[in-house]
Amino acid sequence: QSQLVESGGGLVQPGGSLRLSCAGSAFRLDYYAIGWFRQAPGKEREWVSCISLSGAITNYADSVKGRFTISRDSAKNTVNLQMSTLNTEDTAIYYCAAAYRLGRFEQATCRMPPDEYDYWGQGTQVTVSS
């Protein structure tokens, strides 16, 4: 069983919105920097967004900037990705990943290569279609 569980995916029309959630089933997400990635059919995995351990640092890929918002909900032990103005190019499986960062100096950017993440979820499908 994956220690990260994504939810909130589904089918949405172009221009619509979805909110994805990444839940920690075995540990506190507050101790981890969280990243969201996506992979479309026939394409390589693409970094989407990230949030630092404190939540003070967030970064977005240019393709989603201004449309997606990442946030923490410590009470629910989740990290959410609010996606708006979706288009067909956003169709992909979305994955969250966690990198342990408790006690480490917080960098100016939370973006990290995939191999620096300790845990990955199994993904949730997002399909944007009319």
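Hi everyone, let me start with T85, which counts as partly exposed at 48% relative accessibility. For the cut-offs, buried means under 20% relative accessible area, exposed means over 50%, and partly exposed is in between, with a 1.4 Å probe and protein chains only. Before I go on, this is a predicted model, where local features need pLDDT of at least 70 and side-chain atom pairs count only at pLDDT 80 or more, while totals for chains, interfaces and linings use all residues. Residues are numbered from 1 along each chain as its sequence is written, and side-chain values use heavy atoms, with hydrogens and water left out.

Back to T85. This residue sits in the loop between β8 and β9 (92-100), strands being DSSP runs of E of at least two residues, numbered from the N terminus. T85 has a phi near 45°, a positive value in a residue other than glycine. Most residues other than glycine have a negative phi. N77 also has a positive phi, near 55°, and its place is the loop between β7 (68-73) and β8 (78-83). N77, though, is buried, at a relative accessible area of 10%.

Now to the charges. What is the count of salt bridges? It comes to six, where a salt bridge is a side-chain nitrogen of Lys or Arg within 4 Å of a carboxyl oxygen of Asp or Glu. One of them pairs R67 with D90, at 2.8 Å from N to O. This pair links distant parts of the chain, 23 residues apart: R67 is in the loop between β6 (58-60) and β7, and D90 is in the loop between β8 and β9. R67 is buried at 15%, and D90 is buried at 1%.

Another joins E46 and R38, whose closest N and O atoms are 2.8 Å apart. Here E46 is partly exposed at 30%, whereas R38 is buried at 5%.

Then there is E116 with R101, at 3.1 Å between the closest N and O atoms. Both lie in the loop between β9 and β10 (119-120), so the pair ties together parts that are 15 residues apart in sequence. E116 is partly exposed at 38%, and R101 is buried at 17%. As for shared partners, salt bridges join R38, E46, R67 and D90 into one network.

What does E6 do without a salt bridge? E6 is buried, and the nearest side chain of opposite charge, R45, is 9.8 Å away; Lys and Arg count as positive, Asp and Glu as negative, and His and the chain ends are not counted. A polar atom of the E6 side chain does lie 2.9 Å from the backbone nitrogen of C96, and one lies 2.8 Å from the backbone nitrogen of G123.

S49, in strand β5 (residues 46-51), is buried with a relative accessible area of 0%. Its side chain reaches the backbone oxygen of N59 at 2.9 Å.

Last, the largest pocket, with about 220 Å³ of space. On a 1 Å grid over the protein atoms alone, a pocket is an open set of points where a 1.4 Å probe fits, with protein on both sides within 12 Å along at least five of seven lines, and lining residues have an atom within 4 Å of a point. Grid points are joined across faces, edges and corners, and the volume is the space filled by probe spheres set on them. Of the 14 lining residues, R101, F105, E106, Q107 and T109 are the closest to the centre. Thanks, everyone!

Conventions: Polar contact = N/O pair within 3.5 Å; in protein donor to acceptor, adjacent residues only side chain to side chain. Helix = DSSP H or I, 4+ residues; strand = E, 2+ residues; numbered from the N terminus.
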